[in-house]
Amino acid sequence: MDTAHVATAEAPGITPLLAPDRANGAVLRVGLAYLVAGLGSFLLMGVLGFFMRLDQSGIFVLSAQWFYRIMTLHGAGMVASILLAGLGGLAAAVSATTRLSARVLWIVLVIYMAGMTFTIFATLLGGFAAGWTVLYPLPTHGLVWSLAAALAMYVGYLFVALGLLLYAVHILVAVSRTYGGLGKALALRYLFSFGRDRRDPLPRPVELIAAVISIDSIAAVTAGTLYLVPIFLHAAGVMTVDALYAKDTVYIFGHTMANLSIYVTAGLVYAALPSFTKRAWPTTWAVVIAWDLIIILMLANFSHHIYADFAQPVGLQLLAEIGSYAVALPSFIVTIIGALALIYRSGLRWTVAPMLLALGIWGWVFGGLGAVLDSTIPVNQVMHNTMWVPAHFHTYYLLGAVAFAWGYFFYMVAELSGTRDLTLTRLAPWLYGIGGAGFIFMFFVAGAHSVPRRYAVHLAQWQIYARIAVPFVLVLALGLAGLAWDLMLRFRAAWRGTQHVVGS
Amino acid sequence: MRPDPVAFVWEWEWATPLGIALIVTQVVYVLLWARGGFGPRRAHLGWGRLVAFTLGLGVVVIALMSPIGANDERFLSLHMVAHDLLIWIAAPLLLLGGVPVLRDTDWLPRPLQRALAILTHPVVAWSLSTALLWVWHAPPAYGFALESDIVHGVEHLCFLVGYVIYWWPLIVPPWDIGWLRGNTARALYLLAGMVQSALLGALITFHRTVLYTAYLHVPGATPASALADQRLAGAIMWFPGAVVFAIAAILVIGKRAPQPVSSS
């Protein structure tokens with residue numbers, strides 16, 4: 001393990017991760033804790049996912065009850081884990097220039113993990129198996145799980161939502177304070193003057209993204225509350241709940257949570273990549289409009305999951321299609337073109353972190369394309385209940401958001417420990433990419449052949465796709481093990497790098 | 001099986017020995033508090049300490065003598081409320097009010113000092129509190145406690161003492177800069193405490209048969225009502241625990257560990 005410094009912070013316009021006098025060391029420590037908890041949970045949830053794929057291949061058959069329990073936990077756990085890792089990275093990145101409270105972030109972690117504990121026990125012990133989308137009225141009418149299990153699942157979501165709310169409010173207040181108001185944190189004057197009015201200091205892209213993410217988090221939690229309160233009242237026998245209302249509110253909550261985890265981790269690219277390319281990522285007008293638009297567009301596209309519900313108003317369906325196209329394009333194009341421009345002829349040294357960030361960009365592109373196709377109403381009506389859907393979200397999750405989070409973790413550890421990754425570890429992103437791509441490609445192929453999703457029992461002619469996927473999962477696991485091993489070796493030094501700081 | 005609400009409220013069970021013990025404890029505490037604590041170094045301890053300790057004893061009274069305690073042999077769910085009150089409310093309050101009265105542990109015999117240091121090590125404290133909570137909720141031990149008032153009393157004393165020890169490293173006394181100085185350690189300790197009690201609560205909630213068979217023999221009880229009561233009891237152990245630990249996180253995380261008291 002070399003001890004040479006990895007990424008430079010000396011180029012103009014690039015903000016080092018550690019603030020002067022290590023004033024943000026305490027926040028960086030929480031950030032590391034979030035990344036460990038988030039990516040650690042991701043690995044455990046990945047093992048569960050592997051069991052599902054083994055079941056679908058007929059190699060290791062699970063009972064239907066266990067398959068659906070695992071499917072429920074895998075879905076809920078993955079969204080929560082990746083979001084947690086992203087939130088940790090985002091807090092670390094923002095703390096370089098914005099004063100955050102490590103205390104609040106630790107409290108958020110305890111509340112968030114309490115929520116995750118509820119979901120784990122509700123599924124593995126309580127047998128809750130209604131899917132992570134907890135679509136009403138199925139959770140309260142389970143034949144193989146009790147109402148207590150459903151309530152435990154909901155309470156778990158409540159705690160995760162409370163943690164997210166506390167985090168979002170804290171970040172929003174902190175960034176607004178730094179720039180003198182929310183409007184300035186969102187660079188609204190600069191936006192509406194088409195980039196001419198530069199009187200206000202512009203936030204760094206990562207701070208702008210943090211403000212955007214926080215606003216959408218608060219909106220998602222509000223929707224979650226509008227879903228959960230009637231559900232709890234229904235469980236208490238006080239009222240009945242309109243199923244379409246429940247479906248809409250739970251999707252505004254859940255779909256936005258899933259989207260948040262992707263956009264949070266995309267924000268990490270803006271924070272880390274400049275350190276490797278030695279070029280600053282400026283807050284341009286294109287960056288501002290792309291990310292400010294996300295505030296509305298991320299909330300507008302949830303209905304593309306409800307195309308099959310004939311009772312849903314047509315207007316919402318059309319809004320979902322337009323919103324799905326629109327949400328993909330600005331942030332997508334701005335981030336990808338911006339990242340490629342930063343990398344082009346920069347003399348970037350391809351260590352593990354930039355390799356993973358680049359992998360994430362391509363995963364995001366292909367996953368996004370799959371999502372745009374699926375959000376097209378005529379396509380959706382054919383493909384929505386097939387493996388095409390897990391294909392697209394696994395692409396932008398596993399090869400996109402998760403790769404971003406691992407990449408940022410490597411960047412943080414390198415910066416804080418002053419060490420380089422092991423030479424052998426540079427194989428790991430390749431294994432990750434090849435294994436992940438092969439695993440996901442088989443979902444796409446299965447989807448194209450109309451293999452249904454969410455089926456515990458697969459017909460013999462469907463099993464071939466999962467069988468081909470299994471070796472790729474093993475390659476992926478090898479890559480992930482390599483990444484985890486390298487981080488474990490250098491983590492202690494990184495942790496020490498945050499200590500002896502002001503405000504610890 | 002369902003009690004008459006009005007009669008239920010007035011159904012207090014005044015246990016004379018326990019009542020006397022609590023009164024004596026309160027009187028001794030007030031005297032020590034007024035004196036400024038044990039040992040040669042005395043100081044005003046503040047009204048907050050007195051209030052905390054008194055409230056802690058009040059919660060013990062509510063847990064064991066109010067209708068909650070009076071009916072804990074009829075309803076497992078009420079029994080679990082009593083346990084929750086003892087471990088999550090009374091124990092930290094008694095610790096908050098009681099520990100400063102000790103001033104320091106220098107006046108204690110050396111073996112006792114050493115024993116206290118070992119017991120309040122976070123790993124030992126967590127293990128001990130976990131073991132006590134789980135062992136006493138094992139159906140044979142629980143059934144034994146229901147059969148004998150003395151064993152039942154010992155059970156509750158174990159919970160109280162076990163959780164005073166659990167909370168000790170978090171409510172660090174001023175002379176003892178504990179192991180849990182960093183927020184990472186405090187967060188992990190809180191999560192470890194929450195997960196074990198939540199797991200126990202979840203196992204009770206989701207168990208498909210009646211674990212504590214004594215409740216099948218309560219007049220008016222049926223297997224279905226006993227199972228429903230058991231599910232509620234498990235949820236009472238599980239759900240509020242998360243709230244308690246979240247509040248505890250708000251109270252103890254981020255606080256700087258107090259500086260050691262100078263011996264001069």
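**A loop in chain A**

Start with Pro137(A), which sits in the loop between helix 3 (102-124) and helix 4 (147-179) of chain A. Helices here (H or I, at least four residues) and strands (E, at least two) are DSSP runs, numbered from the N terminus. A word on the ground rules: this is a predicted model, where local features need pLDDT of at least 70, side-chain atom pairs count only at pLDDT 80 or more, and totals for chains, interfaces and linings use all residues. Residues are numbered from 1 along each chain as its sequence is written, while chains are lettered from A and ligands numbered from 1 in the order in which they are written.

Back to the loop. The peptide bond from Tyr136(A) to Pro137(A) is cis, with omega near 5°. Val134(A) is in the loop between helix 3 and helix 4 of chain A too. Its phi is near 40°, a positive value in a residue other than glycine. Is Val134(A) buried or exposed? Buried, because it has 25 C-beta neighbours inside 10 Å. The cut-offs, with C-beta atoms placed from the backbone: buried means 20 or more other C-beta atoms within 10 Å, exposed means 12 or fewer, and partly exposed is in between.

Now Arg345(A). This residue lies in the loop between helix 10 (314-343) and helix 11 (352-374) of chain A. Phi is near 55° for Arg345(A), positive in a residue other than glycine. Arg345(A) is exposed, with 8 other C-beta atoms within 10 Å.

**Helices in chain A**

Next, a helix pair. The axes of helix 8 (residues 243-277) and helix 9 (residues 285-300) of chain A come within 9 Å and cross at roughly 135°. Axes are lines fitted to C-alpha atoms, for helices over the stretch in contact, and angles run from 0 to 180 degrees between N-to-C directions. That angle makes helix 8 of chain A oblique to helix 9 of chain A. The classes are roughly parallel under 35 degrees, roughly antiparallel over 145, roughly perpendicular from 65 to 115, and oblique for the rest. From helix 8 of chain A, the contact uses Ile252(A), Thr256(A), Asn259(A) and Tyr263(A); from helix 9 of chain A, it uses Ile294(A), Met298(A) and Leu299(A). Contact means C-beta atoms, placed from the backbone, within 7 Å.

Gly400(A) is in helix 13 (residues 388-417) of chain A. It counts as buried, with 27 C-beta neighbours inside 10 Å. Its C-alpha is 6.2 Å from that of Ile361(A), 39 residues apart along the chain.

**Chain B and the interface**

Chain B has eleven helices and zero strands. Of its 264 residues, 37% are buried. How many residues of chain B are in contact with chain A? The count is 23, against 21 residues of chain A. Helix 10 (183-206) and helix 11 (223-252) of chain B are the elements giving two or more residues to that side. Helix 10 of chain B has the largest share, 13 residues.

The axes of helix 10 and helix 11 of chain B come within 7 Å and cross at roughly 170°. That makes helix 10 of chain B roughly antiparallel to helix 11 of chain B.

**Confidence**

Last, pLDDT, the predictor's confidence in each residue from 0 to 100. Chain A averages 92, and 97% of the residues score at least 70. Over residues 1-9 of chain A, the pLDDT is below 50. Where pLDDT is low, the predicted coordinates should not be read in detail.

Key
Two residues are in contact if their C-beta atoms, placed from the backbone, lie within 7 Å.
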